[in-house]
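Here is a short briefing on one protein chain. Look at the structure first, then read on.

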Amino acid sequence: MATEELSPAPSTPAHPMAKPGYGKHSVPGQAPYRKGDFDHLPVREAYLAAYIDRLPEGTAIDIKTLAREQPLYGQQAVQTALNSLTAAGHYRRVRVPLGDALTQWVFRTYFSRTARDADWWTRFLSGDVPAAEPTAREARSEAYDTLARLGAADHRLSLSAAECAALEELASQWLTRGSTPERMLRTLAAGLPEQVHAPGAFVRRRLRDKLPPLVAARRQTLVECTGCGVPGLPERLPDGLCKGCRGQAQGGGTGQPKSGPAATLLPPQEVRRKVAALKALTA
């Protein structure tokens, strides 16, 4: 029968969510989904990249969770693959201070379907909005798609294609300041009047009035080496990996930390200080 020949559409894999504010964050301005997005990667890295790409915002994409939730690779293989995805420009793990204090940090993991070079990541993580990149004319940005979904969230905010295009730049500022599409939708659709006579003008006003603030002390954002966890400014870890782990990713290493005297990267007192800071985060 004809129905027996149909195959189900790919679905988002069941996967645990991280704590609010943690987990997967997609970067703005990505190209739309298309077949062969990760054909430039080795088989293992392409598989994990495609798996992460299909996960919703806020899902846990740390090494242990990825190794537990997908059936093919263990922790060591996942670690090595994430190192390679970092070097290839798809993955970054960073830590951002809470407010003006530098004693507590939020860990964020960014993923980009579109491979980015080191300069793009440095500008993005430093708070500089990257310049728009040329894409196919039919490609739509994440900001545009979020605006287009407003009508589904509440029919009073249904926008035309022209209105979505006109408001796209304003909406993209929300995403570059750390907002997620879901948070933007909730904020724009909250507390609506009984009738919205001009949805385009109404949404424009809300996009301006409720624009999230810039992250405090943005120059303090630190990239965390995907391989060994050593933190550093974006310009000091241009590929998201320290020098040692970058060499392993390029040379097909095991992804495990090096052993022996050369592995002592920090003095004991610095190690104790970092352990105390990590305990404070989880307290």
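Where is the place of E163? E163 sits in helix 7. This is a predicted model: local features need pLDDT of at least 70, side-chain atom pairs count only at pLDDT 80 or more, and totals for chains, interfaces and linings use all residues. Residues are numbered from 1 along each chain as its sequence is written, and side-chain values use heavy atoms, with hydrogens and water left out.

**The whole chain**

- The protein chain has 11 helices and 5 strands. Helices (H or I, at least four residues) and strands (E, at least two) are DSSP runs, numbered from the N terminus.
- The chain has 283 residues, and 40% of them count as buried. Buried means under 20% relative accessible area, exposed means over 50%, and partly exposed is in between (1.4 Å probe, protein chains only).
- Take the contacts in the chain with a separation of 6 or more: residues 24 or more positions apart account for 65% of them. Contact means heavy atoms within 4.5 Å.

**E163 and its surroundings**

- E163 counts as partly exposed because its relative accessibility is 28%.
- Leaving aside neighbours within four places in sequence, E163 is in contact with S158 and G200.
- A polar atom of the E163 side chain lies 2.9 Å from the backbone nitrogen of S160.
- E163 and A201 are 38 residues apart along the chain, and their C-alpha atoms are separated by 9.0 Å.

**Helix 7 with helix 8**

- Helix 7 (residues 161-176) and helix 8 (residues 181-189) have axes that come within 10 Å and cross at roughly 120°. Axes are lines fitted to C-alpha atoms, for helices over the stretch in contact, and angles run from 0 to 180 degrees between N-to-C directions.
- That angle makes helix 7 oblique to helix 8. Angles under 35 degrees count as roughly parallel, over 145 as roughly antiparallel, 65 to 115 as roughly perpendicular, and the rest as oblique.
- A171, W174 and L175 of helix 7 make the contact with P181, M184, T187 and L188 of helix 8.
- The residues of this contact divide into 6 nonpolar, 1 polar and no charged. Ala, Val, Leu, Ile, Met, Phe, Trp, Tyr, Cys and Pro count as nonpolar, Asp, Glu, Lys and Arg as charged, and the others, Gly among them, as polar.

**Helix 1 with helix 3**

- Helix 1 (residues 43-54) and helix 3 (residues 75-87) pack at an angle of about 85°, and their axes are 9 Å apart.
- The two helices are therefore roughly perpendicular to each other.
- The contact of helix 1 with helix 3 has 8 nonpolar, 2 polar and 2 charged residues.

Terms used: Polar contact = N/O pair within 3.5 Å; in protein donor to acceptor, adjacent residues only side chain to side chain.
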